[in-house]
Amino acid sequence: MSTSDPPHDDDPDGDDRLDALLRAAMGGPPGPTDDAAEAEPDDDDIDDGLIRAWRAGALSDDAGAALEGQLAASPEARALAAASIEPVPEPLLTWAEQQAPRAAAPRRGWRPLLALAAVALLAVGGGLLLLRSGVEHAYVTSPLTGGAATVRSEAAVGGVPVFRPGGVLEVTLRPPQAGEAPPVAAFVAPEGGPLRAVAAAVERVEGGAVIVRAPAGRLFGSEYGPWRFYVALGDPGRAAGRIFDEAREAGDAQWFEYPLAFEPTPDAGGDP
Amino acid sequence: MRRALDGHRGAMRMLVRRLVPVIRARVSAYLNRRGGRLGHHDIDDLTQEIWLTLMERDGHLLRSYDAERGKSLEGYVGLCCRRELWRRNRAHNAERRGGGQDDAPLEAAARTAGDGPDPESLAMGRDLLDSLQDHLKRNLAERGRLVLAAVYEDHRSPAETAELMGVRQQVVYNWMHKIRTLTREYLGQAGVATP
């Protein structure tokens, strides 16, 4: 048995029969909710923010255990936790950004944006965000990866790659035609927070492409949770300390944005 | 949040990326337990409608958020969303009843037909199965109880359970091993031959 195999008892058939017995003991999955019996939700409903923090490993042991107990007791809460992993279509987010609180004009759904989004995604060759062209030629980016021989982005949570302290962020930016690469700057920001300038290794490839690498542990320290990694080609101006949207308006750079989750390295083995 | 509602584009962008996933997850979880649709609306339709509800009256609902009441902003929006879904579902059911449609979903009938107990558990008796469930819940930590519920009640695979919990599969396998061990011990003490 390799170290990644699950521990099991001597008799795998016995495990299967025990599992069948356990499923019978637990009563099976809940059927569709009886709408007639559904009570109006009250303030005790599970906190969505706690689920997010729990999955990111940001809760204390006690708070995490309390939430796990709540999830164990409630099929609906488990369904919510499972749904929280599903990625959100980018066009839906773009549409929501356009719905200002006071807007009175007729509102259309986001689906007409799909065609435009598909073109944009093709243009960036991997589903990442090309934000503004402040340089002469627009670059395109590879997806954010963890590097070939290092800890790669190990899973997708909410549609973003997950990095652990040993991982290395890596992106390759290519120009549409050969030329000299512009200056490169890298930043990180917590969700909704100000940009921090970070040191990243920049490898310039013949033809104007650049490869940007940065160790996740050095970028984020022990601050686990959702982050964004940014690469600016050109002059980003005084971007550090600003909210991203302000920074991109102020400078003269082509910006690339990469959402990610930074999580602690799990203990080998597991709990029991 | 107030900057976003007052028209700051960057702040709105961040608010959307923080809250729309919460709304969509709420809608998805709600619909998944009700056959995937509510009337003619699917997940993204309802997500849009609830976002527009939050934007109504100058974002009145969002501006009413009070962190002092103990919930995170995401938790508050999740609760608003859940109440809106409950309200819409109730209205939809009332409309269906008015139209004389059958309330019993086809999926429920299919599930009932396919969920017969297996022969081994029938032989063991419901009382013993119930007391086994109690025993496991009493003797497992919260995380173990979550694995018990996710794997054996919801019938999620170990991979799905690990993703749900944000842990490696090995953690789930280890808890399953612990659950089986406790089960064998309990059945042995009860004088039941263990598989």
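Good morning. Please bear in mind that the model is predicted, so I begin with confidence. Chain A has a mean pLDDT of 74, and 71% of its residues reach 70 or more. Over residues 103-108 pLDDT stays under 50, and the model has six contacts beyond four places in sequence for them. Residues 147-158 of chain A also stay under 50, and here the model has 29 such contacts. Where pLDDT is low, the predicted coordinates should not be read in detail.

Let us turn to strand E11 of chain A, residues 252-262. Of its 11 residues, 10 are buried, so the rest of the structure largely encloses this strand. What pairs with E11(A)? Strand E4 of chain A, residues 160-163, pairs with E11(A) in the parallel sense, over two bridges. There, A:Phe163 faces A:Phe262 of E11(A) as its opposite residue.

Chain A also has an open sheet of four strands, in the order E2-E5-E9-E8, with antiparallel pairing. Its edge strands are E2 (140-141) and E8 (201-204), each of which pairs on one side only. The partner of E2(A) is strand E5, residues 168-174 of chain A, and the two are joined antiparallel over two bridges. At one of these positions, A:Thr141 has A:Leu173 in E5(A) as its bridge partner.

A:Arg248 belongs to helix H8 of chain A, residues 244-250. Is A:Arg248 buried or exposed? With a relative accessible area of 10%, A:Arg248 falls under the 20% cut-off and is therefore buried. Its side chain makes a polar contact, at 2.9 Å, with the side chain of A:Asp245.

Finally, the nonpolar cores. The largest has 42 residues, and those with the most contacts inside it are A:Leu71, B:Leu136, B:Val147, B:Leu148, B:Tyr152 and B:Ile179. Helix H10 of chain B, residues 169-189, contributes the largest share of this core, eight residues. Beyond its neighbours within four places in sequence, B:Val147 is in contact with B:Tyr152, B:Met165, B:Val172, B:Trp175, B:Met176 and B:Ile179. A second, separate core has 33 residues, among them A:Leu92, B:Ala11, B:Ile43 and B:Cys80. In soluble globular proteins, nonpolar side chains tend to be buried together.

Thank you for your attention.

Terms used:
Residues numbered from 1 in each chain as written. Chains lettered and ligands numbered in written order. Predicted model: local features only at pLDDT ≥ 70, side-chain atom pairs only at ≥ 80, totals over all residues. Heavy atoms only, no water. Buried < 20%, exposed > 50% of the residue type's maximum accessible area, 1.4 Å probe, protein only. Pairing = 2+ DSSP bridges. pLDDT = per-residue confidence, 0-100. Contact = heavy atoms within 4.5 Å. Polar contact = N/O pair within 3.5 Å; in protein donor to acceptor, adjacent residues only side chain to side chain. Core = buried A, V, L, I, M, F, W, Y, C linked by side-chain atoms within 4.5 Å.
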